[in-house]
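Please read the following briefing alongside the sequence and the coordinates.

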Amino acid sequence: MVKCLYDINDASYYEAMFLTSNAVDQINPNVDGISIIGHNTNTIGIEFDRHELDEGEEAQKVVPISWCMPNGYEVYESDSNVDYIVEENVEKLFHRAFKELSNNQSLNLDKNEKVLFSYSQHETVAKDKDGYIKKSGRTTPIPVEMDTSQYKTIYSALTFSHPAVQQIDNKLKLYQLYKDDPLASNVFPKSYSSYVDALLDADETGEDIFYIKTAGGTRGEDIYIKSRDELAKDYQERKEEGEYDLVSGEGDTIDEGDVIIQRAVTDLYTVDGDGPISGRRFDIRYYLVITDGKVYVHSNMLYKWSLGRYDPTNTNVDTQVINIGTYSGQDVPRLFFVETPVKDEYGNKWNNSQRKRRRSFDKTGDDDRQSSTNRHDWRDAVADALDDASGVFEHLKEISRDDPTKYVLAGGDAIIKEDGSAIIIEFNVWLDFAGPYKRLTKCLSGEKCHGMYLQNSVDEYLVTKPTAAAEIVSSEATAEVMRDMISMVMKVQPADEIEGFREVVDRNMGSYFDLMSNRLRALLSYLPF
């Protein structure tokens, strides 16, 4: 992006998209106001933001380079021959991550080699039907005007507009990936792509609750909660207005405006006792990295509790959808799980993926998990659920396997059921990482601080007085995810040496391993020793 004068008499600069330096041949510009430009003047073709122009003004123009100045990105230098370009709202997190990497790790680069790491998105250009260049509506990890010839390797995140990213970020497209997968469909809420399917699939009581979600919605926005009767009424009104049903998802184009219906999970685990978060439902925010053909989940996870006591029949979105309170600035209880990963009862660490699975894979498929108040068990349950859902990542794994410089950093939300198992709610690619730093800035400026929630005993929690400590912990924990992600993508350390990440194991391999282990344990139990 650049900022440019619209004509020679302008006193203000306007945001514009760089299109090409070969403007005369490649764009169809408005040249009004620039007739003074000589043949030897360096010019560029640009396209202004339509919202900043007056009615009747053309968006595309050819202007002298001197009319413009860079805008929209900055390339930062680390202490180890690695430059990085990142989204503006996460630059502090990456500064912290790269500083720690430079202090503690060797990147094994020759002094004359330079590498670029990108976690950013920039508009791209394309040719229209007449062969002229214009904005494409898609994004690229590197600005089109940036000279990258000095870099030996460029590591870049797949952008939000990439079709494979949309497959897991868009809720309706994600449903298409897991709906016919027996294991994966069990770790997501029961979902439907039409009112008819939802209304026909009644539970035993007929009193089930449904969430109606916009497929591309984020931050808890565009969610409605309805009872079965309310859903039937809504469907009838749509029919009377000539809208028969939702998009079926079969062979139709799916976009952000489409809707998915999900049955509420009503048997959620809540903390007992009389503490500040007792009896409230909670979500777990986890972080994923997809790189080099594999998926990893980080041990740092954020727990967010609702603002009111949990009632499975409640249809109030302010109480049931935790992110609404989070992004509206309310005092949502948060607890970042940043403890050093501990060994389990068999001496296995968190990142020992195959030995860590605790799910029984006998012929009946029964789950031997019991309900637990231990946050380590909740974290393990999320990892187990991701193993079962591993099939939804196949396209992204293939892309990163074919090109190891491509990666995906994503977040997701999960909930814990009474039996201790986890349900995956959604995935969010290009999520909002800036929250902790924003809240920390507000706190340090005296505007508003939050209490810090601490686990006092097995099933008891307490809250401190308002303090910056909660946001400092959150910021450091998030920066640690960034540091480990960079180390993983750039292969600063072998994957199995990064203790924070655990590989999401293909469920077929994992189930085979566990089945063989169970059979071996059964055989050993008959031996006379």
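Within strand 7, D83 is the bridge partner of E77, and this contact belongs to an antiparallel pairing in which two bridges join strand 6 (residues 76-77) to strand 7. The model is predicted, and the points below should be read with that in mind.

**Strand 7 and its neighbours**

- Strand 6 and strand 7 make up a hairpin with four residues between them, and in the turn N81 takes a positive phi of about 65°.
- With strand 8 (residues 115-119), strand 7 runs parallel, and five bridges join the two; in that pairing, S118 of strand 8 is the bridge partner of I85.
- Strand 7 (residues 82-86) is mostly covered, with five of its five residues buried.
- How are the buried residues of strand 7 divided between its faces? V82, Y84 and V86 lie on one side, whereas D83 and I85 lie on the other, so that both faces are covered.

**The disulfide of C4 and C68**

- The count of disulfides comes to two, and one of them is formed by C4 and C68, whose sulfur atoms are 2.0 Å apart.
- This pair links distant parts of the chain, since C4 sits in strand 1 (residues 2-4) and C68 in strand 5 (residues 68-70), 64 residues apart.
- The torsion about the S-S bond of C4 and C68 is about 110°, and the disulfide is therefore right-handed.
- C4 counts as buried because its relative accessibility is 0%, and C68, at 17% relative accessibility, also counts as buried because the cut-off is under 20%.

**The disulfide of C443 and C449**

- C443 is joined to C449 by a disulfide with an S to S distance of 1.9 Å, and with 90° about the S-S bond this link is right-handed.
- When the bonded cysteines of the protein are numbered in sequence order, the pairing reads 1-2, 3-4.

**Helix 13 and the residue that follows**

- Helix 13 (residues 435-444) has as its buried residues G435, P436, Y437, R439, L440 and C443, and C443 is also the cysteine that a disulfide joins to C449.
- After helix 13 comes G446, whose phi is positive, near 85°.

Notes: Residues numbered from 1 in each chain as written. Predicted model: local features only at pLDDT ≥ 70, side-chain atom pairs only at ≥ 80, totals over all residues. Heavy atoms only, no water. Buried < 20%, exposed > 50% of the residue type's maximum accessible area, 1.4 Å probe, protein only. Pairing = 2+ DSSP bridges. Disulfide = S-S within 2.5 Å.
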